[in-house]
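Please consult the sequence and structure below alongside the text.

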Amino acid sequence: MKRGDIQFTTAGTGVTHSEFNRGREWVHFLQIWAIPWKKGLPPRYARARFSDEGKRKGFVKLLSPLKGGVDATSAQEKAAEPTVPGTIAIHADFVMGAGIIEPGKKFEWVVGGQATEATKRKVYVHLPMTKGGRAKIRLDGREDDGVLSEGDGAFVDGVNAGDKLVVESVGDAEAEVVVLDTAWASSRRDRENIPMVPKTWVDPDEIVHHLQALHPRHAPSQVQGSAGSHLTAFSTLYASQRDIPKYRIPHDGAPADTVYEMLKDELDLDGRPNLNLASFVDTYLDDHAQRLMAENMPKNLADNDEYPAMLAISHRCVSILAHLWGVQKGEQAVGSPTVGSSEAVLLGGLAMKRRWQERRRAQGKDTLRPNILMGANAQVALLKFARYFDVEARVLPVSKESHYVLDPKRVRENVDENTIGVFVILGSTYTGHYEPVEEIGRVLDEMQKEKGIDVPIHVDAASGGFVAPFTHVGTAGRKWNFELPRVVSINTSGHKYGLVTPGLGWIVWRDQSFLSRDLVFQLDYLGGTEESYTLNFSRPGAHVVVQYYNLIHLGFSGYREVVENCLANARVLSQSLEATGWYTCVSGIHRRRDSDSGGDPSGNNEEDEDEDEDETSASYNPGLPVVSFRLSDAFRAKYPRVSQETISLLLRAREWIIPNYSLPPNENETEILR
């Protein structure tokens, strides 16, 4: 592609793409996504070039709706004839234009592009950053809020097809302008004629300072020095007469008790952690754990020579986890605490990439195009690894049939010689389901026999690493850990079901041979010689001490009691929700293992009676103690105007945090509360 080119792609069934600059100069391009009329469009490409000469004469239309419309036949889809000749056809009520406007000149854009019957429109005008900041435009002659600089964009609401929008170039360089013109999305507000409340924004600090200037008695005091006699934190000048700067360090300090009270008051605006049911993160420490945390807070985990006892405790935790996760006899497991599972995932992926690179170089092959597989339900840390370390992320669609987790069949279809590994998740963030590690390992074993491709597995057990080993059901007899030779590394979050407060993760490799020596640094400037293979260097060590305290204090049976109680509570809540008839649970831990209803039944589990007092998770489907649910089909049919998001908002008004969001791509028309 060169300047002026447009490539249009339908991607309804999912398409992987990337951009590569083959020249020596920086390339500026725009990537624009639009929602099509319907799902499942087969991937098709269209390309066209629009000259600068034409764009200097006026706005040039680039895309216009498919002439066949929403109900286009397959033949019309294939022909891809646009409503406006000479444009690229798009499967949406969407018109795109572009123009290059010389300083002092004006272009007119006819709303709707004379290509649509939809009257009510919304137009977005964008000025790309192509002239080093010298280009500016003015919309419809507006002086105050209508001038855009390079990189700016503006939505124009309340316009109809046929209206004219004037764009004037008012900078020192010609302005390259892009116009996106689309039908106004119908909403409940529009259908029911609910009046629109004007959206306004004020700066409270600016108002206060203005009033202080009008009334000097209330103006900020200029008294120097932080000392001063005061009875309470609220009787100082800072209580009403003197400002504490928010974004710049003050010249003089303030009394400690005053600063403490002000910060405490401001932080009272945060939610209450014990009402935050959206988070997997632990919010409780017993008194002894809190004492250990406070006593060891100054210790730096990176300073091994200074804190050898803490280092020894860290090694013990790694050993405990390795044995808990089935490390095999003769293997020398190695691992480290991290700042959460995100760092641990990055390290696990990096180790797989480095081993792949070393193997490819030994074979005399290139290492230019590594890729890694994961499900569309992957947590953002897995995607970060791919983006930060230049690895193609092959994000595989999930489905209701796969319980919204990675499907082994799709793994087979996407593995090749450049695949460095597969991220398999033990406990999906969306629904709590475990991904089938053993089945995926079996697929990779078969691929190695057939094609000689050796692809390892990293298990992201951020939540499940401290759940599956302790529950009676485990993973329902399916292997997931180092008992599978294909699994080379596992991570978990100590600050989730490990019962430590935020700031601790763990990464363990089954044997030191799976951690390339190229990733291990030897340091001697802190005293003795030590090794480092984490992304963070200095980090708190108190969390490691609390983790070891929990492991020893609770033991296996104690952790089992905790997670079994969590699962029992989740089952009761799930069954209670479905008993109302209003909700359907998408998670499955409340369904008995002989149930065929899967992850999203059409009705309630009426055969599930109240749990026996001694009943355990062994009778139920494995998974995290997560309750994901949605409004039932029957409820939606009876009350079509009730928005599921409203439930989340009403709960939040009572300080409960339960998010409402879409399932992963390909299933994102279904929203869940979790």
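**Nonpolar core and surface patches**

The largest nonpolar core has 58 residues, and Val-411, Val-422, Val-459 and Trp-480 have the most contacts inside it. Among the elements that each supply at least two residues of this core are helix H6 (287-295), strand S16 (419-425) and helix H12 (542-579). H12 gives the largest share, nine residues. A nonpolar core is a set of buried Ala, Val, Leu, Ile, Met, Phe, Trp, Tyr and Cys residues joined through side-chain atoms within 4.5 Å.

The model is predicted: local features need pLDDT of at least 70 and side-chain atom pairs pLDDT 80 or more, while totals for chains, interfaces and linings use all residues. Residues are numbered from 1 along each chain as its sequence is written, and side-chain values use heavy atoms, without hydrogens and water.

**Overall make-up**

- The protein chain comprises 14 helices and 25 strands (DSSP runs: helices H or I of at least four residues, strands E of at least two, numbered from the N terminus).
- Of its 674 residues, 45% are buried (buried is under 20% relative accessible area, exposed over 50%, partly exposed in between; 1.4 Å probe, protein chains only).

**Surface patches**

- Asp-265, Glu-266, Asp-268 and Asp-270 form a negative surface patch.
- Glu-266 lies in helix H5 (residues 256-267) and is exposed, with a relative accessible area of 54%.
- Patch residues have over 30% relative accessible area and no salt bridge (a side-chain nitrogen of Lys or Arg within 4 Å of a carboxyl oxygen of Asp or Glu); like charges are joined within 9 Å, and nonpolar side chains (Val, Leu, Ile, Met, Phe, Trp, Tyr) within 5 Å.

Technical notes
Areas by Shrake-Rupley, 256 points an atom, 1.4 Å probe, with all protein chains shown as cover. Lys, Arg positive; Asp, Glu negative; His and termini not counted. Charge placed at Lys NZ, Arg CZ, Asp CG, Glu CD.
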